[in-house]
Amino acid sequence: MRDAEFFRRWMEAAATAVEREADRLTELDSPIGDADHGANLLRGFTAVRAELARADPSTGPGALLQLAGRTLISTVGGASGPLYGTLLRRTGKELGEAPEVSDAAVHQALEAGVAAVGQLGGAAPGDKTMLDALVPGVAALGASYRAAGEAARAGAVATVPILARKGRASYLGERSIGHQDPGATSSALLLTALADTAEGTGA
């Protein structure tokens with residue numbers, strides 16, 4: 001079973017990963033986006049870290065993720081804030097008010113979160129977006145957290161030869177081919193952080 005502390009550690013691990021990879025994310029965003037993905041996510045997850053540190057210790061897993069999602073929406077510019085915020089808010093809402101949740105519940109909740117992202121962005125796997133990492137990553141959660149991280153990273157790399165059909169990169173047409181999608185890359189960081197957190201608790 002996973003308690004609120006597990007999700008706090010996940011968000012902390014995600015913030016650390018974004019801090020470490022922010023420059024690379026911006027590099028990836030430079031040729032096919034606005035060259036601000038790393039900076040935007042760094043600002044957002046720094047704010048999440050601060051908000052969770054101030055949160056009531058009795059806050060449950062679902063409420064904690066909803067707080068993280070609201071924080072990202074209010075602090076991250078561009079499309080990333082609403083998309084990442086929606087992912088975490090919907091996941092948290094699905095987890096409900098239980099003080100502890102099972103791994104199966106985490107899997108189911110993340111599936112709902114990813115579906116909400118697809119609905120908000122009007123995207124699907126193969127469009128060269130964050131869904132190219134999130135969909136295979138969350139699907140692999142049925143096997144293990146580590147498998148989820150590995151599938152998400154593979155999904156991000158697989159965006160390189162794809163023609164972008166959604167988002168800022170889609171404006172470039174054929175020129176979007178040959179570049180790894182920054183949103184898929186940061187999504188892989190998020191699921192890898194989840195895997196690292198789970199492994200740290202012996203799962």
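K128 is buried, at a relative accessible area of 1%. Buried here means under 20% relative accessible area, exposed means over 50%, and partly exposed lies in between (1.4 Å probe, protein chains only). K128 sits in the loop that links α5 (103-121) and α6. Its phi is positive, about 65 degrees, although K128 is not a glycine.

The model is predicted, so local features need pLDDT of at least 70 and side-chain atom pairs count only at pLDDT 80 or more, while totals for chains, interfaces and linings use all residues. Residues are numbered from 1 along each chain as its sequence is written, and side-chain values use heavy atoms, with hydrogens and water left out. The pLDDT is the predictor's confidence in each residue, from 0 to 100. The protein averages 94 on this scale. A score of at least 70 is reached by 99% of the residues. Among the elements, helix α1 (residues 4-32) has the lowest mean pLDDT, 95. Helix α6 (residues 131-139) has the highest, 98. Where pLDDT is low, predicted coordinates should not be read in detail.

The protein holds 8 helices and 2 strands. Helices (H or I, at least four residues) and strands (E, at least two) are DSSP runs, numbered from the N terminus. From that terminus on, the order of elements is β-α-α-α-α-β-α-α-α-α.

The overall dimensions were computed next. Along its principal axes, the C-alpha trace spans about 50 × 35 × 30 Å. Of the 203 residues, 53% count as buried. The accessible surface comes to about 8700 Å². Carbon and sulfur atoms account for 52% of that surface. Areas come from the Shrake-Rupley method with a 1.4 Å probe; for residues, only the protein chains shown count as cover.

The protein carries 19 positive and 24 negative charges, and their mean positions are 4 Å apart. Lys and Arg count as positive and Asp and Glu as negative, whereas His and the chain ends are not counted. Each charge is placed at NZ of Lys, CZ of Arg, CG of Asp or CD of Glu. A contact means heavy atoms within 4.5 Å. Among contacts between residues at least 6 apart in sequence, 69% join residues at least 24 apart.

S187 lies in helix α8 (residues 182-200). Its relative accessibility is 0%, so S187 counts as buried. Leaving aside neighbours within four places in sequence, S187 contacts Y84, M130, A133 and L134. Y145 belongs to helix α7 (residues 145-157). At 9% relative accessibility, Y145 also counts as buried. Residues up to four places away in sequence aside, Y145 touches R2, D103, V106, L194, A195 and A198. Y145 and L191 are 46 residues apart in sequence, with their C-alpha atoms 8.1 Å apart in space.

Partly exposed positions were also examined. A35 falls in the loop between α1 and α2 (37-54). A35 has a positive phi of about 60 degrees although it is not a glycine. Its relative accessibility is 35%, so A35 counts as partly exposed. G121 is placed in helix α5. With a relative accessible area of 38%, G121 is partly exposed. Apart from neighbours within four places in sequence, G121 is in contact with L83 and K166. G121 and L83 are 38 residues apart in sequence and 7.4 Å apart in space, C-alpha to C-alpha.

The loop between α7 and α8 contains G173. At 24% relative accessibility, G173 counts as partly exposed. G173 and I32 are separated by 141 residues in sequence and by 9.9 Å in space, C-alpha to C-alpha. Y171 lies in the loop between α7 and α8 as well. With a relative accessible area of 65%, Y171 is exposed. Y171 and Q108 are 63 residues apart in sequence, and their C-alpha atoms are 34 Å apart in space.
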